[in-house]
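Welcome! Open your viewer, get ready to select some residues, and let's take a walk together.

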Amino acid sequence: MSWETVIGIEVHVQLRTATKMFCRCSSEYGAPPNTNVCPVCLGLPGALPVPNQGAVDLAIRAALALGCEVHERSEFVRKNYFYPDLPKGYQITQFAHPLATEGTVVMREDGEERRVRIRRLHLEEDAGKSMHDRYAGSTAVDLNRAGVPLVEIVTEPDLRSPAEARAYLSRLKQLLEHFAAVSDCNMEEGSLRADANLSVRPTGETQLGTKSEVKNLNSFSNVEKALVFERERQIGMLERGEEVASETRLFDLSAGETRPLRGKEEDFDYRYFPEPDLVPLEVSAATVDTARKALGELPHELETRLMDQYQLSEYDATLLSARPSRAAYFEAVAGGQDTAFAKTTANFLMGGIAAELNRRPGAAAEQDLLSPDCLARLVELRLDGTLSSDTASQALGLLLAGEGQDVDELVQMHGLAQVGDVDQLAGWVDEVLEAHPDELARYADGEEKLFGFFMGALMRTAGGKADPNKVRELLVERLAAARD
Amino acid sequence: MNPLRTLTAARAVLGRGEASPDELLDLAETRNQELNAGPEPLNAFLSTVGSQTGAPKVGEGAGGAGGGDSARGLLAGVPVAVKDNICTTRFPTTCGSRILADFRSPYDATAVRRLEAAGARVFGKTNLDEFAMGSSTENSGFGAVRNPVDRDRVPGGSSGGSAAAVAAGVVPVALGSSTGGSVRQPASFCGVVGVKPTYGRVSRYGLVAFASSLDVIGILSRNVADAATVLEVIAGHDRYDATCQDRPVPRAAAASEMDLPGVTLGVPEEYLGLGLDSRVRGLFESTLEEVTRAGATVRKISLPSTPAAIPCYYVIAPAEASSNLARYDGARYGYRAPATDRLLDMYERSRGEGFGQEVKRRIMLGTYVLSAGYYEAYYLRAHEVRLAIARDLDSVFAAGVDAIFTPTSPTPAFRLGEKLADPYEMYLADVYTVSANLAGIPAVSIPIGNLEGLPVGGQLMCPHWEEERLLGIAGRIEDVIEYAHPLDDAEEGAGAGVDREES
Amino acid sequence: MAGDNETMTKLDMSEVRRIARLARLSLDDADVERLAGDMAEVLDHFEEIDQAVAASARGIRERGLAKRTQPDDSGSDALLRPPSAMAPDWREGFFVVPSLEALREDA
């Protein structure tokens, strides 16, 4: 029997605010324990929550980036449960009336668009942090994180494989980190946390199977690994005629497997009710409109346009669209130019410039490394044959190293221009042939694959500056003569 | 005359230099000690300046400069009392609960900051029903408060300590809090004025939450003008309370400009049933005659949803309370049961030992009505009933009634212990007052007379944000009635006021 | 009270204990017994509310209080005393409570 996998993902994303959701304590990560706290986030008697407008604005942006409908009126509720890192004994969240619903995230793979429906996006406050291994028999609690603003984003069960789940998370991170710019989406620091639920069913079946929820997924690759394990586990059970339990499981990275949460399931009854300390959250149509305009193109729209407008491959378009700043830079260089220009620009961006950006972590967009004008001139010189691919790379290296900003001057100063002068080229050909009499003899005897050897030697002798087309012609001529 | 009886008296003494602010605090201390001496102590205060050895001098370097500039100095040098469910940094804030017996708030409530910014000196924190849950102040974890008028009787509640302190002349004004009647009902029992402002008028920041959608800080005083002055000081926008509205603060001066002729008072027929003591009814009706003679128009009205108010309140308030009191779990502050090595034990024992019976009763009830399967039947339905009650009140005001006038409580002060065995009987003491909390409208109780030496109050209710009208009408009725407080008679030895007994 | 007799909802003891667990309250048997009666009385009075009252309010929009938010800049209310001054158990900057594992293993 063949099986279909059905996956839904729930993600919590910390919003990039200066302060917490309901008080004005710093939401910065990494402060000494229990120092970013006040009466509100400590849950002191008499303290009251006041919503952070900055968090509301970011949540609206996030919702729009996911194609959601943002509701004019949404409602905060209390989710009641006891836990040491939950200072008030309830979490302020949204339930029946979330900020936004019915979105779509569009992914692209092998020329096809895959759409994942977003069920809801809502605003809530984070809990503090419990540390169980610090003191034997005790739990230590740090409330710095308590009250930090989160959005929870829940998909419909639209994903069909662990790889697709991973691709969704990458797309979500790209959207939230770079397009909506609402979070740094750092999984190590916990600013993006993912839980997944998975079920399997016989291919063709329309009813959903019993799902398990997998938690403790601290990287995209672990999400994929855990889901692969979970899929195989469930299929194995069903094939043995066993039933899959509806349960929560933790992923154990070292063992590479998921395990049920230990102990008896608690009697969960969250007793949701409208938060009486807050009035309903109202978002005007005008606010949503303004936010939508500020957001601009979404990744899949950008990718499609780059492919159409510049005849770029899906691969190139996807890489260029990773961040809106990169695409904007690309267009500042290649806008209005022909497709060859665009392709060459893309090559520079994906090659030397991307490598340099990787070398400077945390730093800089393309714009900070090299001005678009400068790159445009480099592309021109490459395309008109002044620079070979080799010398163009050298020139780019010099520009990125800060050796100068005037491309023409740099090319001149370092003698990078291609040599097209026939006498000079002929001199190099002579030099190479004289230096390799044995190879010349073997070539003359019919070993034609040695042509490449001579070309390589020629380019080395010429320091990469020989115009490859002209020098090839000359070499063909001379070798033919040698054969006769 | 006791300079601590009214603001006017205290200001006069201070103004003439007959006493310094410190001496007034000392006088309050002396009076409080006298009232606590003997076999039947008043027990109105849980802490006072005198009990706070080593604490910074009260009233100096007041925390925060909140409050409107116009309010500055209105209470200069005057001792005030604050109900002990309102946070203060210089006194413990216990809420009358063992679970917070040793708790000192690291911040001051907005209302307290504003009192201090206006020059007031907080003399002490008043006793209350635990977490303001009760109508007799017998539910305090630190002993019941006695009614200063009759020590065998309750002062009402839950702001019983504040009402008793004002009635007994320890301080001229005190802050209380009202969730269902906790300012007006004790005011009525102790023969003082009790104001419950519009929900959203006074910041709740620092008022320890009982039922957040109903709670409001209120004022107890000897006369309407003093309450109006304190309201002007504490009212107004606060960035720490998202439900506190940015509206012009009601001015005490405006409240004194009102006149009774032209005023229409609505008297709901439903309020004259509902277990109303016939003698209270008689006293209330003779008051109606007096205000009619003074020019007011009295009109019978109907508020058909009235019988639903108490049942509705006892679903909504416990529901919110069950959530609001979850934070008292022994983890970060307050009482932690000793020798608990499991988390669940720590939770259950700290809360089981720290909370008193009434609080547990309401937490249980609230947890039940919010739990899965019951939420719609109880909480959601109660919410609809609440809207119906608010709508009934709105339509009465829309039909030309300026204020609704009712008795404050069905009976005068009952005896200590009389209603402890029957919680629901106790709940009915708030039958006339809960509607204003459910609707969020402002209301006041003023003394309308005494029955066999026990004070009786009348309640006025006005539409949202109409405190100036409310206190204006209350002030004129107060003028008409010329109420004589039983303790003033005793103190001054002369039956200056006519005892308005109904025989 | 009228109507006490036939409509009286006597709450199940096990239900009361379940609610007590949810509310994290230790109760003895006498408490449970007493609460079962007290709670039932309040709920019965609620059941007696005329159905028409609630029904009449359906669709009424609540009197709105104005929306209030605060800007995303720092400035929380200061603590005049640090958290360590009120914590029952405080070590090296942390609030400390009995272990969570104990909660999970609890039967």
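How many residues does the contact take from chain A, and how many from chain C? The contact takes 39 residues from chain A and 31 residues from chain C, where two residues are in contact if their C-beta atoms, placed from the backbone, lie within 7 Å. Before we go on, a note on the model: it is predicted, local features need pLDDT of at least 70, side-chain atom pairs count only at pLDDT 80 or more, and totals for chains, interfaces and linings use all residues. Residues are numbered from 1 along each chain as its sequence is written, while chains are lettered from A and ligands numbered from 1 in the order in which they are written.

**Stop 1: chain A meets chain C**

Select helix H1 (53-65), strand E8 (129-135) and strand E9 (138-142) of chain A: these elements give two or more residues each to the side of chain A that touches chain C. Helices (H or I, at least four residues) and strands (E, at least two) are DSSP runs, numbered from the N terminus. The largest share of that side, five residues, comes from E9(A). Click on Ala140(A), and you will find its bridge partner Val96(C) in E2(C).

**Stop 2: chain C meets chain B**

Next, show chains B and C. Here 45 residues of chain C are in contact with 53 residues of chain B. Helix H3 (29-47) of chain C is one of the elements that supply at least two residues to this side of chain C, and H3(C) gives the most, with seven residues.

**Stop 3: the sheet in chain B**

Select the strands of the open sheet in chain B, which has 11 strands in the order E1-E3-E2-E4-E6-E5-E10-E11-E9-E7-E8, with mixed pairing. At the edges are strand E1 (45-48) and strand E8 (297-301) of chain B, each pairing on one side only. Within the sheet, look at strand E10 (residues 443-451) and strand E11 (residues 454-461) of chain B, which pair in the antiparallel sense over eight bridges. Pro447(B) stands opposite Gly457(B) in E11(B).

**Stop 4: the core**

Which residues have the most contacts inside the largest nonpolar core? They are Ala59(A), Ala62(A), Ala63(A), Val80(B), Val171(B), Cys312(B) and Leu460(B), in a core of 309 residues. A nonpolar core is a set of buried Ala, Val, Leu, Ile, Met, Phe, Trp, Tyr and Cys residues joined through C-beta atoms within 7 Å. A residue is buried if 20 or more other C-beta atoms lie within 10 Å of its own, exposed if 12 or fewer, and partly exposed in between, with C-beta atoms placed from the backbone. Center on Leu460(B): not counting residues up to four places away in sequence, the residues that it touches include Ala403(B), Phe405(B) and Ile473(B).

Then color helix H9 (residues 309-324) of chain B. H9(B) is mostly covered, with 16 of its 16 residues buried.

**Stop 5**

Finally, zoom in on the peptide bond from Gly157(B) to Ser158(B), which is cis, with omega near 10 degrees. Ser158(B) is found in the loop between E3 and helix H4 (160-167) of chain B.

Asn34(A) has a positive phi of about 55 degrees although it is not a glycine. Asn34(A) is buried, with 23 other C-beta atoms within 10 Å.

Last, select Cys95(B), in the loop between E2 and H3 of chain B. Cys95(B) has a positive phi of about 60 degrees although it is not a glycine, and with 34 C-beta neighbours inside 10 Å, Cys95(B) counts as buried.

Notes:
Two strands pair if DSSP finds at least two bridges between them. The expected span of a helix is 1.5 Å times one less than its number of residues.
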